[in-house]
Amino acid sequence: LDNDNEEGWEEEERAARRAVPARVAMKRIVVKDLPERPVEKMRRDIASYDAEAGFYRCVADRMASSAFPGVPRPLFVHASSPENLAEASEAQLLESSYIFITEDFGDRKQYLELDSARLESAFRTLGRVHGRSLADPALLEAVSENGWDRAGYWTLDKRSASEVESTQAVWERFVTGFREEDPDLFARESVQQLGARLAERAGIVDRALRKRASERPCLVHGDCKTANVFFDSETGEAALIDFQWTGVGLGVSDVMYLLLSSASLEVLEDDEEVTRLLGVYHTHMTSEARAAGMSEEDVETKIGGIKELVKEFKLSILDYARVVLGYMWQNTTPDRMLSRQKELGACTHNRSIPHALWFIAMVDRLVDEFNEALAAPS
């Protein structure tokens with residue numbers, strides 16, 4: 001944009017022109033030009049684009065004016081989709097289109113995997129966003145009205161009953177294809193039945209997360225993976241893009257997803273480092289909530305201590321793992337996983353066999369831990 005040629009402009013015009021940044025970012029979606037997909041998936045995707053439009057129209061500007069960290073200021077939003085999305089025909093769905101223009105983040109970079117330093121930066125940003133939104137009921141109301149009541153694409157209410165029911169069948173095909181990658185792991189009876197074990201506990205996990213989210217709701221990004229996080233080239237500060245699945249929920253679900261989808265294997269295999277990073281997030285969320293005016297009593301009830309955060313972190317993993325095993329891995333083979341090694345938009349467990357094997361062993365342990373907690377006297 002040429003901001004220099006202002007001769008003959010009225011003062012208001014010059015001021016408006018200067019307010020437009022020299023660089024912008026644009027996201028354009030024309031549904032009929034996207035790869036072919038089942039109608040119900042198309043319907044769900046359009047709902048997510050509508051949610052992103054609502055976020056930019058009604059939430060992001062408010063956040064920018066309140067100096068929220070790491071969220072771009074919207075400049076222009078176009079959204080065209082059927083008024084009654086649930087009843088729309090395939091032809092009507094295909095006519096949907098969107099344009100989002102936001103300020104550009106400048107000289108920032110993305111990374112295929114995140115090491116401890118970049119995870120810490122991202123967790124600082126998430127902690128500040130979550131902490132400040134916890135102290136802003138009006139913002140949360142705007143998020144709920146214009147985004148998702150529950151953030152994230154993997155929550156049980158957004159998945160079909162048939163997907164949950166078929167989790168074990170999909171998992172058995174995966175086990176057959178990957179057995180040679182780690183024979184000892186896949187020889188375990190608990191691992192062979194992992195899909196069924198997750199599906200059977202889906203309702204219990206979902207209810208527990210709903211209850212906890214109602215007690216300490218905050219603004220949750222809902223798709224916080226490395227493809228949607230940019231890092232400042234000089235300061236390393238993290239910023240977020242892509243708000244299709246943004247809504248109200250437990251903040252730790254963003255932390256869980258970023259770790260499981262984007263962290264290096266070195267970080268994931270180091271339990272002490274993961275615990276330290278969770279502490280970094282908890283510290284920044286708590287301090288930001290206090291800075292935003294939250295009382296100590298509310299900090300205690302709406303945030304709680306690190307032990308409670310770890311419990312919610314593990315519950316969130318069980319919620320997410322069901323979708324990995326029952327949906328993401330339904331057509332996955334070792335060769336396909338290897339072919340996606342450099343695919344930024346793919347989660348690490350979908351493009352790295354070592355990550356996938358770590359994920360399976362970790363979830364197997366967590367289900368055992370969850371069962372023991374259920375069996376323990378209250």
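This is a predicted model: local features need pLDDT of at least 70, side-chain atom pairs count only at pLDDT 80 or more; totals for chains, interfaces and linings use all residues.

Trainee: Which element gives the most to the lining of the largest pocket?

Mentor: A pocket is an open set of points on a 1 Å grid over the protein atoms alone, where a 1.4 Å probe fits, with protein on both sides within 12 Å along at least five of seven lines; lining residues have an atom within 4 Å of a point. The largest pocket is lined by 29 residues, and K41, R44, D45, K225 and Y327 lie nearest its centre. Two or more lining residues come from each of α2 (39-65) and α16 (306-328), helices being DSSP runs (H or I, at least four residues) and strands likewise (E, at least two), numbered from the N terminus. With 5 residues, the element that gives the most is α2.

Trainee: How many residues in the lining of the second largest pocket are charged?

Mentor: Its lining has 16 residues, with E40, K41, R44, K158 and S160 nearest the centre. Asp, Glu, Lys and Arg count as charged; Ala, Val, Leu, Ile, Met, Phe, Trp, Tyr, Cys and Pro as nonpolar; and the others, Gly among them, as polar. The lining has 5 nonpolar and 4 polar residues, and the charged ones number 7.

Trainee: At roughly what angle do the axes of α4 and α14 cross?

Mentor: Contact means heavy atoms within 4.5 Å, and α4 residues including F123 and L126 meet α14 residues including L277 and Y281. Axes are lines fitted to C-alpha atoms, for helices over the stretch in contact, and angles run from 0 to 180 degrees between N-to-C directions. The axes of α4 (residues 116-134) and α14 (residues 271-291) come within 7 Å and cross at roughly 35°.

Trainee: Which residue in β7 stands opposite F231?

Mentor: Two strands pair if DSSP finds at least two bridges between them. The open sheet has 3 strands in the order β4-β6-β7, with antiparallel pairing. β6 (residues 229-232) is joined to β7 by 3 bridges, and opposite F231 in β7 stands A238.

Key. Residues are numbered from 1 along each chain as its sequence is written. Side-chain values use heavy atoms; hydrogens and water are left out.
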